[in-house]
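Please have the sequence and the model at hand while reading.

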Amino acid sequence: MAYDDLRSFLRALEREGDLRRIKAEVDPHLEIGEIVDRVQKAKGPALLFENVKGAAMPLAMNVFGTERRLAKSLGLKGPEEISEKIAGLLKPELPQGFTGFRDAFGKLASMAHVPPKNVKSGDAPVHEVVLTGDDVNLDDLPALFTWPLDGGSFFNLGLTHTKDPDSGIRNLGLYRLQRHDRRTIGMHWQIHKDSRNHYAVAAKRGERLPVAIAFGCPPAVTYAATAPLPGDIDEYLFAGFVAGERVRMVDCKTVPLQVPADAEVVLEGWLEPGEMLPEGPFGDHTGFYTPQEPFPALTIDCVTMRRRPVLQSIVVGRPPTEDGPLGKFTERFFLPLLKIIIPDIVDYDLPEAGGFHNCVIVSIDKKYPKHAQKVMHAIWGAHMMSLTKLIIVVDADCDVHDYQEVAWRALGNTDYSRDLSVVEGPVDHLDHASYQQFWGGKAGIDATRKLPEEGYTRDGGWPEMVTSDPETAALVTKRWKEYGL
């Protein structure tokens, strides 16, 4: 089973020697960021900073910094465990298209342990302390000034709760949050995000939007907030499915929203239409600074928390970072669901160096001319996969996770006058390479074996790859110790 809350997981890591307590005073201005960046790039332990300068609570960092720790937090041996479970549920019937994608999640949601359950305020640890009005002081929370050109201090792992003003469907998202002053934070809602749409609908009506931001949530909830789910699929259903148990929820004190009862800290407020402030720059997961832009500014009216709370955050920047394990788990979890939309896919890989969404390596069992190009365009039409900038298609006998082999195929199997597709389409809000914001050029590389019907008519057809003689390879394996190697 997954861990019920952050602190029980931290205790488990400490028992295993996979958490280090930092008792020395550390400065959230650059110093913590430098420490964490070095530790996470070395695949080091989780860190608990007990004495953060200027803050009233400790700060947990690098909690999900390795795939082993993330799997442990979710009660899994690895991401394949959930991937296989999802695939098994979908095997009896594989509905096609995006409607089938929603229907598939509906089947998961029907499982008894998935729907969240409500608890009373008195049974919610996050309501042990309640602060309102002038008692609210965001300076007590350790926000990070991570990189030298950042525009201020940020909370990087606050789970933002909103709901659609029309349908009432809630959304859980992960967005960076700039601390403007002791009661105001900037909401970095990118153009493709559901919470931004909720705010736009409310603002058009002249209504304010209720917002709740939770820190230090149960690990399955934190993971679910990072997953690119369609807007009408409840992240808490997915969290329950991943965790194997229902998530405990409690009504907020001052806004009509629910948050995890076992969170460490929750911020509540109403977002007024048109309330905007400059946000950024920020050293982002792209490895570059994103520029300053106007974003909604939220006034915090209420803070609820546990006694002796622990805040959780992450450091992003040039990969590898803590984003890596989170992205790789999403890649594995969603393979069976992506196959529903695009059944041609055998496997796929989202390289961390490409920020996960910028590049997709996909293998197919090629059956007909231009099959690779069909898959490229299907990916560009599949929900958030539409933001992919580079798609490399290889044959099914290529290991998409072996970048050396992929490079060998892509560099040797392509005639770029025929096998390179260049199109234009939407790109990520944070993409700095496109010459204008929100859209730009994309490319697809067909690195599969080419068929005569595709115009490859050279004598002998497509050549065979060099491989060992099976009998000789077996003989050498049998005699290997004799060689003294």
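In this predicted model, helices α7 and α8 meet through a defined set of residues: Ala220, Val221, Tyr223 and Ala224 on the α7 side, and Glu235, Tyr236, Phe238, Ala239 and Ala243 on the α8 side. Sorted by class, the contact of α7 with α8 comprises eight nonpolar residues, one charged residue and no polar ones.

Two packed helices are described by the angle between their axes and the distance between the axes. Helix α7 covers residues 219-226 and helix α8 covers residues 235-243; their axes come within 8 Å and cross at roughly 130°. Angles over 145 degrees would count as roughly antiparallel, and 65 to 115 as roughly perpendicular; α7 and α8 are therefore oblique to each other. The crossing of the two helices, α7 and α8, is right-handed.

Aromatic rings form a further topic. The count of aromatic pairs comes to 12. Tyrosine 175 belongs to the loop between β8 (170-174) and β9 (177-181), while tryptophan 189 belongs to the loop between β10 (184-187) and α6 (194-205), so the pair ties together parts that are 14 residues apart in sequence.

| Residues joined by a cis peptide bond | Omega |
|---|---|
| glycine 280 and proline 281 | about -5° |
| proline 319 and proline 320 | about 5° |

Proline 281 is placed in the loop between β15 (276-279) and β16 (282-283). Proline 320 is placed in the loop between β19 (311-312) and α9 (323-333). Arginine 308, a residue other than glycine, has a positive phi, near 50°. Arginine 308 sits in the loop between β18 (293-305) and β19.

Lysine 389 lies in the loop between α11 (371-380) and β22 (390-395). Leaving aside residues up to four places away in sequence, lysine 389 touches His357, Asn358, Val427, Asp431, Ala433, Gly441, Lys442 and Ala443. Between the C-alpha atoms of lysine 389 and alanine 203 there are 32 Å, and these two residues are 186 residues apart along the chain.

Two annotated spans complete the description. An unreviewed UniProt entry places the feature "domain: 3-octaprenyl-4-hydroxybenzoate carboxy-lyase-like N-terminal" at residues 11-84. Residues 11-84 are 39% helix and 15% strand, with end C-alpha atoms 29 Å apart. The feature "domain: 3-octaprenyl-4-hydroxybenzoate carboxy-lyase-like C-terminal" is placed by UniProt, in an unreviewed entry, at residues 326-447. Residues 326-447 are 29% helix and 26% strand, and their end C-alpha atoms lie 28 Å apart.

Note on methods
Residues numbered from 1 in each chain as written. Predicted model: local features only at pLDDT ≥ 70, side-chain atom pairs only at ≥ 80, totals over all residues. Heavy atoms only, no water. UniProt positions renumbered as here; feature names shortened; annotations may be inferred. Helix = DSSP H or I, 4+ residues; strand = E, 2+ residues; numbered from the N terminus. Axes fitted to C-alpha atoms, helices over the stretch in contact; angles between N-to-C directions. Parallel < 35°, antiparallel > 145°, perpendicular 65-115°, else oblique. Left-handed = near helix turned anticlockwise from the far one by under 90°. Contact = heavy atoms within 4.5 Å. Nonpolar A, V, L, I, M, F, W, Y, C, P; charged D, E, K, R; others polar. Phe/Tyr/Trp six-rings, centres within 6.5 Å; stacked < 30°, edge-to-face > 60°.
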